Each structure stands twice: as structure tokens, then as C-alpha cells.
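Some words used for protein structures rest on cut-offs.

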Amino acid sequence: MQNLAQRLAERTEEPRGLHLPRPVRLPISAIIAVRNEEKNLCRCLESLNSVGEIYVVDSLSTDSTTEIARSFGAHVVQFRYEGGWPKKRQWALDTLPLNYGWVLLLDADESLTPELVSEIETAIRNPRVNGYYIGLDMYFLRRRLRHCGASFYKLSLFRRGKGHFECRTSDQDTSMCDMEVHEHVMLNGPTATLSERLVHRNVTSLSRYIQKHDEYSNWEARLWSGAKNRSELSPDLFGSQAQRRRWLKQKFFKVPGSSVWLFFYRYVLRLGFLDGAPGLFYC
């Protein structure tokens, strides 16, 4: 906490963004959905120093999240979820007065590399593409996972007004996540994939990680047992990575002992054992 306080003091002494003009290398609007992310947010915001504007959409954090965000010159907006649809990110896309033609969606534990910044700078000049998938380099328990099947791509960058989140069900209440978890962006128009990747480095405890994913699994089990929504991304073996994963889940969940087979696939066939103890826990 002392180190965090020192960093906040330094940011306060030299404010930026809203206070001092700075060059805009990337004319895009970054949206970061947060709640109690003081341990992760600094790294994320530091990587966005060339972005046109930053919105931090908070859910009434009780730690220093909002103070950190404001110290970097980000706009802080509070979101109060009362169930139903939209959830946090779609609400932000519908509501925020964004000033730029491209939107970048990030989590607080994700950050841009200098190489990715350079690639985005070139990519958004392409008039033939409306959105880009960006891969994630996963760090788990302070180690990068190079195996385990831990390779994810998200449609994180797209033209404003061209992308929206699927609504898998509108029958949601406040006991469920207030943010899109396994709901994906659906895009109007052509997409491409960037070669550089985001860094996904979460520093929360293992117990919190397990608790969070237990909440996610309860949420998804409720979705799979309910009726489909017509605006939902359809499972497709030959579609995007998200569609393929959804198709495989749909089929695989019906197999007896599916969780054991999934562990075997990730830890043995996808060489998760080469990632040491973090790979074992992750699998």
C-alpha cells in the first residue's frame, strides 16, 4: 500500500489527460470496466498514455480504484446494475459521449505493449476493416502460460457504432455478474486479427480467482439451461474462436466426466505440465 500511495502522490504532482494537453498518437476511446482493481489498474493505464481518451466504468469500488483512474486523467463513470440488460460494457457503449471513431475495450488486468500500440496505429487507418481481434498473453500466478490451451482472442478494437455485445439472456438479476463475462462483441462488417498481443496479468489471489470463476460457472450454467436469445452469438465449429468454443461446450457438456476429460486435454495433450505449478492449477 505504501508503494501505491507513492505512485498516487506522483500522479497528483504531475497531472495529465484532463489537466494538461498531450499528443494523441491513437485517436481511440478506451473503456475499462472495473470494480476494486487498485492492484491491476496502474499497469493498464500506464500502457494507454498515447490513447485519445480513457473511460473507467466503475461499480462503486471501495478501494483506491477511482483515485488511481483520476490521477491518470481518466473519466470515471459509476454504473449501478439493477438486473436485466444492458450490462456494464454495453451500457458504456450506449451512453458515454465518446469522441473518437474507434473503441478499445480492456479489462483492468490487461495492458498494451509498445509493439501493439504501433500496430494499432497502423490498423485503424485501414478503411476496409471494422474491427480487430487481439490475442492475450496470459500470466497466471506470476508466470506466463505458454501451453494449457490458454490462447484467447477477443474482438477488443472496433469502429464506434459497428459493434455491440450479444444478449444471451435478459432474465438476469443483481445476483449475477454486472458485466459481460462470456458475452461477446458482435460486429457489422469485416474483421481482421492483429499479430501483437495484449498482456493479461492478474495479481489477485488464487482463492479470489477460484471464487470468481465459480461465479462465472454458475452464471453460465443458468444460461445453458434456459432459452436461447435470438441476438446470441451462434455456436459454429467453423466460425470465430468464440463460436468454436461455444459449439464445443454445447457438445462436450453432454459427455459423462467432461471435466476430467477437459483437464486431461489441457494438462496432457496441450502440454500444460510444461507450465509448472501454475499450469497445474490453471488446468
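The questions and answers that follow concern a predicted model.

Q: Why is Lys87 called buried?
A: Lys87 has a relative accessibility of 0%. Buried means under 20%, so Lys87 counts as buried.

Q: Where in the chain is Lys87 found, and which residues does Lys87 touch?
A: Lys87 is in the loop between strand E3 (75-78) and helix H4 (88-95). Leaving aside residues up to four places away in sequence, Lys87 touches Phe79, Tyr81, Gln172, Cys177, Asp178, Met179, Glu180, Glu183 and Trp219.

Q: What makes Phe79 and Tyr81 part of a cluster?
A: Phe79 and Tyr81 form one aromatic cluster together with Trp91.

Q: What makes strand E2 mostly covered?
A: Strand E2 covers residues 51-58, and eight of its eight residues are buried.

Q: How do you know that strands E1 and E2 pair, and in which sense?
A: Two strands pair if there are at least two bridges between them. Strand E1 (residues 26-34) and E2 have seven bridges, in the parallel sense, so by that cut-off they pair. Ile32 stands opposite Val56 in E2. Between E1 and E2 the chain passes through helix H2 (residues 41-46), and this β-α-β crossover is right-handed.

Q: What makes E2 and E3 a pair of strands?
A: E2 and E3 have four bridges in the parallel sense; at least two are needed, so E2 and E3 count as paired. Asp58 stands opposite Gln78 in E3. The chain goes from E2 to E3 by way of helix H3 (residues 65-71), again as a β-α-β crossover that is right-handed.

Q: How many aromatic pairs does a search of the whole structure find?
A: The search finds eight aromatic pairs.

Q: Why is the pair of Phe263 and Tyr267 called stacked?
A: The ring centres of Phe263 and Tyr267 are 5.3 Å apart, with 15 degrees between the planes. Centres within 6.5 Å make a pair, and planes under 30 degrees apart count as stacked. Phe263 and Tyr267 lie in helix H8 (residues 258-269), four residues apart, about one turn of the helix.

Q: Why is Phe263 called partly exposed?
A: Phe263 has a relative accessibility of 33%. Partly exposed lies between the buried limit, under 20%, and the exposed limit, over 50%, so Phe263 counts as partly exposed.

Q: Which rings have the charged end of an arginine over them?
A: The charged end of Arg197 sits over the ring of Tyr153, 5.3 Å from its centre. The charged end of Arg201 sits over the ring of Tyr139, 4.0 Å from its centre.

Q: Why is Gln241 called buried?
A: The relative accessible area of Gln241 is 18%. The cut-off is under 20%, so Gln241 is buried. Gln241 is found in helix H7 (residues 241-252). Not counting residues up to four places away in sequence, Gln241 touches Ser151, Phe152 and Tyr153. Gln241 and Lys154 are 87 residues apart in sequence but 8.6 Å apart in space, C-alpha to C-alpha.

Q: How do you know that Cys148 is in no disulfide?
A: The nearest cysteine sulfur, that of Cys283, is 3.7 Å away. A disulfide needs sulfur atoms within 2.5 Å, so Cys148 is in no disulfide. The search of the whole structure finds zero disulfides.

Q: What makes Cys148 and Cys167 buried?
A: Cys148 has a relative accessible area of 0%, and Cys167 has 8%. Buried means under 20%, so both count as buried.

Methods
Residues are numbered from 1 along each chain as its sequence is written. This is a predicted model: local features need pLDDT of at least 70, side-chain atom pairs count only at pLDDT 80 or more; totals for chains, interfaces and linings use all residues. Side-chain values use heavy atoms; hydrogens and water are left out. Helices (H or I, at least four residues) and strands (E, at least two) are DSSP runs, numbered from the N terminus. Buried means under 20% relative accessible area, exposed over 50%, partly exposed in between (1.4 Å probe, protein chains only). Contact means heavy atoms within 4.5 Å. A crossover is right-handed if, with the strands pointing away from the viewer, the path from the first strand over the helix to the second runs clockwise. Rings of Phe, Tyr and Trp (its six-membered ring) pair if their centres lie within 6.5 Å; planes under 30 degrees apart count as stacked, over 60 as edge-to-face and the rest as tilted. A charge sits over a ring if NZ of Lys or CZ of Arg is within 6 Å of the ring centre and within 35 degrees of the ring normal.
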